[in-house]
Amino acid sequence: MRKPRSQMIAETRAKLIAAARAAFGTVGYAETSMDDLTASAGLTRGALYHHFGDKKGLLAAVIGQIDSEMSVYLRAIAAKAPDPWTGFRDECTAYLELALEPEIQRIMLRDGPAVLGDPLDWPGQSECILWMTESLAKLAETGRIAPVDAEAAARLVCGATQYAAQWIARASDPKATSRKAIEAFNLMLDGLLVRS
C-alpha cells in the first residue's frame with residue numbers, strides 16, 4: 001500500500017535532518033559533504049535541494065529542530081522551580097550549561113552563527129525574547145523585580161546568555177568558563193531584584 005504524499009515528504013525531510021544533524025554535529029558544517037550526507041540518508045542531492053534549497057537551508061532546519069528541543073527542556077527546568085523568579089533564573093543557567101554539550105557547541109554556537117548570522121535574528125530567538133519579556137513583565141507586576149521595561153530587560157538578558165554561551169563554546173576550558181559565566185550571570189540577574 002502506497003504511503004500518502006504528506007507522509008513521504010515528512011519522512012524524507014526527517015531523514016535529511018537526522019543525517020545532517022549527525023554530520024554537522026561531528027565533522028561540522030564546512031566539512032560535511034552533501035553527497036556523503038544524502039547517501040547516508042539513502043536519498044539524492046535533488047531531494048535535499050527540493051526540501052531545503054541548499055546546505056544552508058538544511059542547517060537552518062537542523063538548528064530549528066535543536067532549538068525546539070532546547071526550548072522544551074528549558075521550560076521543563078523552569079516548571080520545576082518553586083517560584084517564577086527561581087524558574088527564570090534556573091532556565092537561564094540551564095541554557096548556559098547546555099553550551100557544554102558538543103553538538104550544541106558546534107551547531108548552535110559556532111557553525112550556526114558563522115553561516116546564518118546573528119542568532120538574535122533567528123526565529124527561535126524571537127520566541128525566546130517574547131517569553132522572557134512576558135516572564136519579566138509578570139515578575140515586575142508582582143513586585144519580585146524592580147519596575148523595568150520588560151522587553152529591554154529581556155533583550156539584554158537574551159544577548160548576555162547568547163554571548164556567554166558562545167564564549168563557553170569557544171573556550172579552551174569550557175567547564176571552567178561555564179562556572180565563571182554562570183556565577184557572573186547570576187549576580188547580574190540579581191540586580192533586577194527588588195531590594196528590601
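Reader: Does glutamine 166 count as buried or exposed, and why?

Author: Glutamine 166 counts as buried because its relative accessibility is 13%, where buried means under 20% relative accessible area, exposed over 50% and partly exposed in between, with a 1.4 Å probe and protein chains only. This is a predicted model, in which local features need pLDDT of at least 70 and side-chain atom pairs count only at pLDDT 80 or more, while totals for chains, interfaces and linings use all residues. Residues are numbered from 1 along each chain as its sequence is written, and side-chain values use heavy atoms, with hydrogens and water left out.

Reader: Okay, and where does glutamine 166 lie, and what is it in contact with?

Author: Glutamine 166 lies in helix H8, helices being DSSP runs of H or I with at least four residues and strands runs of E with at least two, numbered from the N terminus. Setting aside neighbours within four places in sequence, glutamine 166 is in contact with Leu109, Pro113 and Pro119, contact meaning heavy atoms within 4.5 Å.

Reader: How many helices and strands are there in the chain?

Author: The chain has nine helices and zero strands, and buried residues make up 44% of its 196 residues.

Reader: Which residues have the most contacts inside the largest nonpolar core?

Author: They are Leu37, Phe88, Met108 and Leu136, in a core of 55 residues; such a core is a set of buried Ala, Val, Leu, Ile, Met, Phe, Trp, Tyr and Cys residues joined through side-chain atoms within 4.5 Å. Not counting residues up to four places away in sequence, leucine 37 touches Leu16, Ala19, Ala20, Ala23, Phe24, Thr32, Leu48 and Leu58.

Reader: Switching topic, how much space lies in the largest pocket?

Author: About 310 Å³ lies in the largest pocket, the volume being the space filled by probe spheres set on grid points that are joined across faces, edges and corners. On a 1 Å grid over the protein atoms alone, a pocket is an open set of points where a 1.4 Å probe fits, with protein on both sides within 12 Å along at least five of seven lines, and lining residues have an atom within 4 Å of a point. Of the 19 lining residues, the closest to the centre of the largest pocket are Asp67, Ser71, Leu74, Arg75 and Cys128.

Reader: And which helix gives the most to that lining?

Author: H7 gives the most, with seven residues, and the elements that give two or more are helix H4 (55–80), helix H5 (84–98), helix H7 (123–141) and helix H8 (150–170).
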